[in-house]
Amino acid sequence: MYLVPSQFFITSSSAVSEVSGLNAFDRALANAGIGEQNLVSVSSIIPIGAKRTERKDLPMGAVTHCVLAQMRGTEGEMISAGIAYAYRKDGKGGYVAEGHLHGSKESLRSDLRWKMEEMARIREIELEEVNYVIEELQIPTDHYGCCLASLVFTEYE
């Protein structure tokens, strides 16, 4: 049996916590609408025919496949996490790149663009327009922070 996703949505968020980086991550997941799922990280392939949809409410505890970028940090740091995604020009699916860093969303966007270009080069294909979803956070004093972005698969053939 093959699980081939036919729909996905994009979500992102950032959050802070006075308690821990894990709690900042948990809050960011909740803010992004995926905090009640059992997330399973997958690599970066958008199947042929898979369509982007609006964010969906998923059942609590559902095993949920996603491409997830996250970055955690501590007070005074600037952090960024994001994804880039694009379909192939030949109609044969698409690709997702995730990234994170201590730094600005502009720096991360450059890194993600480079990753998408390399994915296309390796496969000797052309991509349609690349879409970016990036979160940036300047973490306040006495806090932990987390940024995340995710492409979440929701329906399967």
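Lys 115 is partly exposed, with a relative accessible area of 26%; here buried means under 20% relative accessible area, exposed over 50%, and partly exposed in between, with a 1.4 Å probe and protein chains only. This model is predicted, and for that reason local features need pLDDT of at least 70 and side-chain atom pairs count only at pLDDT 80 or more, whereas totals for chains, interfaces and linings use all residues. Residues are numbered from 1 along each chain as its sequence is written, and side-chain values use heavy atoms, with hydrogens and water left out.

Lys 115 forms a salt bridge with Asp 111, the closest N and O atoms being 3.4 Å apart. A salt bridge is defined as a side-chain nitrogen of Lys or Arg within 4 Å of a carboxyl oxygen of Asp or Glu. Side chains of opposite charge can pair when their charged atoms come close. Lys 115 and Asp 111 are four residues apart in helix α2 (residues 105–123), so about one helical turn separates them. Helices (H or I, at least four residues) and strands (E, at least two) are DSSP runs, numbered from the N terminus. Asp 111 is also partly exposed, at 26% relative accessibility.

Helix α2 holds a further pair, Arg 121 and Glu 118, which lie three residues apart, about one turn of the helix. Their salt bridge brings the closest N and O atoms to 2.8 Å. Arg 121 counts as exposed at 55% relative accessibility, while Glu 118 is partly exposed at 27%.

How many salt bridges does a search of the whole structure find? The search finds five. One of them joins Glu 155 to Lys 56, with the closest N and O atoms 3.5 Å apart. Glu 155 belongs to strand β9 and Lys 56 to the loop between β4 (51–52) and β5 (63–74), so this pair ties together parts that are 99 residues apart in sequence. Glu 155 has a relative accessible area of 34% and is partly exposed; Lys 56, at 25%, is partly exposed as well.

The aromatic residues come next. A pair of aromatic rings is described by the distance of the centres and the angle of the planes. Rings of Phe, Tyr and Trp (its six-membered ring) pair if their centres lie within 6.5 Å; planes under 30 degrees apart count as stacked, over 60 as edge-to-face and the rest as tilted. Across the whole structure there are two aromatic pairs. Phe 8 and Tyr 85 form an edge-to-face pair, 6.1 Å centre to centre with 80° between the planes. Since Phe 8 lies in strand β1 (residues 5–17) and Tyr 85 in strand β6 (residues 78–87), the pair ties together parts that are 77 residues apart in sequence. Phe 8 is buried at 0% relative accessible area, and Tyr 85 is buried at 4%. Phe 8 also forms an edge-to-face pair with Phe 153, at 6.4 Å centre to centre and 75° between the planes. This pair links strand β1 with strand β9 (residues 144–156), 145 residues apart. Phe 153 is buried at 5% relative accessibility.

Finally, the structure holds zero disulfides, a disulfide being a pair of cysteine sulfur atoms within 2.5 Å. For Cys 66, the nearest cysteine sulfur is that of Cys 146, 13 Å away. Cys 66 is buried, with a relative accessible area of 1%.
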